[in-house]
Amino acid sequence: MAALTPELRDLQSEIFGYAVEFGLDCFTTNFEMVDYRQMCEIASYGGFPVRYPHWRFGMEYDHMLKSHTYGLSKIYELVINTDPCYAYLLEGNSLVDQKLVMAHVFGHCDFFKNNAFFAHTDRRMIDGMANNAARVRRYMERHGVSAVESFIDVCLSLDNLIDPWAAQRGASRARPISEEPPEIEAGRLPTSRGYLEGFINPPELLAAEKERRRAEEEAQRRKLPRSPERDVLGFLVQHAPLESWEADVLGIIREEAYYFLPQMQTKIMNEGWASYWHSKIMTTRALRDAEVIDYADAASGVMATAPGRLNPYKLGIELFRDIEERWDRGLFGKDWAENESAAARASWDQRLGLGKQKLFEVRSIYNDVTFLDEFFTADFCERQRFFTTRENRRSGRVEVEGREFAKIKQRMLGQLTNFGQPFIFVLDANYQNRGELLLGHRHEGTDLRLDYARETLRGLERIWRRPAALLTVLDERPKRIRFDGAEISVSDEPAAQKLWS
Amino acid sequence: MISRIEQDHSRFREIIRGKVRQNLRKYMARGDIIAPQGKGSVTIPMPQINIPRFTFGDNSGGGVGQGEGQPGDPVDGAQQPGQGKGKAGEGEGDKALEIEVSLDELAEILGEELGLPRIQPKGVHALETRKDRYVGLRSTGPESLRSFKATYKRALRRQIAMGTYDPRRPVIVPIREDRRYRSWRTDPRPHSNAVIIYMMDVSGSMGDEQKEIVRIESFWIDTWLRSQYKGLQSRYIIHDATARLVEREVFFRTRESGGTMISSAYKLCNELIDAEFDPEHWNVYAFHFSDGDNWSVDDTSACVRLLRDVLLPRVNLFGYGQVESPYGSGQFIKDLRGAFAKNELLITSEIKGREEIMDSIREFLRRGR
């Protein structure tokens with residue numbers, strides 16, 4: 001790792017100047033120069049060279065190093081969400097590449113600092129990760145590497161079971177438990193004739209009914225969790241019978257999962273924003289005549305779309321450009337929506353010039369789902385030539401299915417919802433009154449991958465130390481998958497269907 | 001200091017090795033991991049190295065793409081490796097679940113798993129050759145080895161230091177002290193001093209499955225011996241009623257229909273040792289695979305004679321592997337066992353099917369010769 005050469009330092013301050021001029025608001029950014037091995041190393045650690053030891057980082061590294069060596073992919077740049085922000089440049093890249101990367105990095109950095117979904121992330125995560133790593137190392141020394149490592153494996157297999165809205169929900173969660181529940185009224189049947197009261201609502205029946213309702217209420221109150229719980233990891237940290245080091249490790253995995261979550265929720269926006277700004281800064285300011293071809297080459301590589309594959313860089317930048325144009329020309333609102341004349345729409349220009357303002361607003365308060373939901377319009381979809389794909393069962397190949405806007409949009413949103421992960425809840429910590437753990441999968445059209453689900457249940461059983469089960473739907477039939485510590489069973493479970501209706 | 005990633009990386013390799021070891025019997029029974037000749041590694045399919053999660057299966061009913069195309073047009077290459085700016089830690093990505101393991105590593109795993117002893121090479125003076133490599137520079141030497149670049153640089157440096165260098169007229173005149181010559185180092189290289197002679201019965205009774213078993217066995221024998229000897233050589237002999245020396249490819253592909261005279265192969269093997277591999281200097285390994293159906297009792301006794309008198313005294317090991325085939329009588333192995341019950345140099349092994357390849361290899365190699 002090395003500091004920048006004076007030449008690159010000058011470039012950095014030059015480009016930072018442009019970024020400020022355009023209104024970007026970044027943390028202090030430290031660039032460091034690394035060779036490709038170091039780049040692969042840092043990248044496999046998710047940007048943090050100080051993570052806890054685990055074999056999967058080695059696997060990532062193996063994979064990246066190979067694809068780099070074979071020339072399949074190249075990591076140009078890496079930037080992490082901390083204050084100050086750290087970014088890594090690849091040694092041996094041409095000057096124009098480094099400029100592009102710097103401009104791109106400032107885009108990311110502004111996004112990290114100003115997007116609402118990053119607001120609650122720990123900006124001193126480098127220290128946090130280092131502390132976590134030190135603790136994990138200590139546990140490994142005390143309890144053995146493989147014991148701790150296999151426990152980390154289990155925790156990692158659950159690290160997508162978190163609540164993406166936990167941060168926003170934080171305040172309401174902490175409401176105090178109400179002291180005494182209100183008196184329960186037994187259902188008294190209405191009667192207009194006083195002398196019938198004793199027959200219609202006999203006192204002993206009323207008393208029994210009251211008792212029954214009270215017991216039900218009580219059972220409900222004792223039930224854990226009170227309502228289905230999205231934050232499965234958090235629930236396990238609190239309630240699973242774990243050794244203290246195990247609870248700490250699980251907490252570490254959870255903390256890091258939450259830290260990386262916003263990056264998954266805003267991938268398209270984040271890359272789109274950074275690409276928008278590298279393009280703007282390079283083409284209007286930083287680019288020298290001799291560098292145009294090299295720049296175009298690099299930029300087109302980044303923006304390339306292969307059929308059948310979505311490029312978040314491309315989708316993001318085009319959406320931002322579209323927004324800018326629409327709010328500059330006033331292509332929104334009631335008048336615009338109701339005007340159906342193609343000629344009028346083509347030449348529509350209210351000279352509002354609100355584009356830039358809108359851009360900054362969008363980058364602050366949207367995430368990928370809301371971003372696409374609001375700005376992925378039929379016009380845009382058609383212009384950008386989107387289509388849906390489908391696997392042809394006979395030939396086994398993936399084919400173009402059609403260009404129906406509603407379907408395209410629904411698919412896209414479906415893929416992004418809940419950062420692309422299934423909805424899994426903790427339903428009952430005392431399932432069948434036997435202390436078993438019951439999870440539920442809210443089925444929204446796509447089945448779970450069964451072999452993985454089985455393995456994950458094994459991990460849950462390891463943590464809960466009692467059988468664990470999952471209610472889900474497989475091939476449109478409600479099922480329960482359960483691991484009892486010895487074997488996996490899959491059985492029909494009608495209750496799985498009723499859960500969410 | 002070893003960097004962190006190196007530790008994690010070696011941990012990852014360890015896990016892979018553990019998996020390979022666990023499933024070694026399975027891998028040994030299949031032919032598809034066998035490396036092409038000359039490639040130093042094998043590719044091993046590795047199920048489930050990824051961390052399992054509750055994730056979506058693949059019945060999501062398709063995706064979204066961008067670009068030209070009519071409904072029904074195939075969308076090519078769902079996973080085209082493009083030039084991209086990958087950002088780390090985002091998404092798992094589909095990884096090829098194939099792991100590359102070098103042959104050395106594979107041999108090590110094989111050795112550990114089967115408990116194979118290291119081989120004590122025969123003959124103390126391993127042959128060595130010397131090889132010269134140009135590695136550096138020195139200030140004397142023949143003109144033919146003069147390094148122009150180094151000489152020029154030194155001359156330039158000297159002229160700048162002396163102040164006689166004129167950028168407008170950049171003439172460089174080297175003097176004797178500027179001259180640099182390439183120098184070499186002599187590396188001793190242990191000469192290849194082991195040879196495996198494979199013999200195989202290709203008569204009509206040996207079917208494709210039998211040959212496949214032989215191919216897999218020979219791969220593992222190769223792998224192990226190669227890890228014990230630098231630069232191991234192999235020779236291949238096929239025989240039916242007559243024997244021929246062939247190339248590796250021919251060895252595994254040939255199919256004849258004639259009868260079987262095993263002695264023809266043993267004779268040829270003997271001649272080969274005479275001609276090329278003096279047992280004084282060479283560690284000779286001979287392996288013969290057959291379905292155990294020999295032409296006549298006379299020929300079998302000729303084989304026994306050949307083995308006892310000329311072959312066994314000259315080889316480190318003679319392995320006979322009998323592959324079960326629906327046509328063979330399987331008599332030959334009984335004859336051999338009868339004749340050489342006490343001889344440690346001759347090892348016989350019956351291979352009933354692919355599952356038994358591992359046991360057979362262990363049988364052949366466990367004596368450490």
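User: How many residues does the contact take from chain A and from chain B?

Analyst: The contact takes 70 residues from chain A and 48 residues from chain B. Two residues are in contact if their C-beta atoms, placed from the backbone, lie within 7 Å. On the side of chain A that touches chain B, helix 3 (residues 55–69) of chain A gives the largest share, nine residues. Helices are DSSP runs of H or I with at least four residues, strands are runs of E with at least two, and both are numbered from the N terminus.

This is a predicted model: local features need pLDDT of at least 70, side-chain atom pairs count only at pLDDT 80 or more, and totals for chains, interfaces and linings use all residues. Residues are numbered from 1 along each chain as its sequence is written, and chains are lettered from A and ligands numbered from 1 in the order in which they are written.

User: What makes strand 4 of chain A and strand 2 of chain B a pair?

Analyst: Two strands pair if DSSP finds at least two bridges between them. Strand 4 (residues 386–391) of chain A and strand 2 (residues 64–66) of chain B have three bridges, in the antiparallel sense. One bridge joins F387(A) to G65(B). Strand 4 of chain A also pairs with strand 5 of chain A, antiparallel, over four bridges. There E391(A) has V398(A) as its bridge partner.

User: Why is helix 4 of chain A called oblique to helix 13 of chain A?

Analyst: Helix 4 (residues 95–114) and helix 13 (residues 292–303) of chain A pack at an angle of about 55°, with axes 9 Å apart. Axes are lines fitted to C-alpha atoms, for helices over the stretch in contact, and angles run from 0 to 180 degrees between N-to-C directions. Angles under 35 degrees count as roughly parallel, over 145 as roughly antiparallel, 65 to 115 as roughly perpendicular and the rest as oblique. The angle of about 55° therefore makes helix 4 of chain A oblique to helix 13 of chain A.

User: Which residues make that contact of helix 4 and helix 13 of chain A?

Analyst: Helix 4 of chain A brings V96(A), D97(A) and L100(A), while helix 13 of chain A brings D294(A), Y295(A) and A298(A). By class, four are nonpolar, none polar and two charged. Ala, Val, Leu, Ile, Met, Phe, Trp, Tyr, Cys and Pro count as nonpolar, Asp, Glu, Lys and Arg as charged, and the others, Gly among them, as polar.

User: How do you know that strand 8 and strand 9 of chain A pair?

Analyst: Seven bridges join strand 8 (residues 468–474) and strand 9 (residues 477–483) of chain A in the antiparallel sense. A468(A) stands opposite F483(A). Their hairpin has two residues between the strands, and D475(A) takes a positive phi near 50°.
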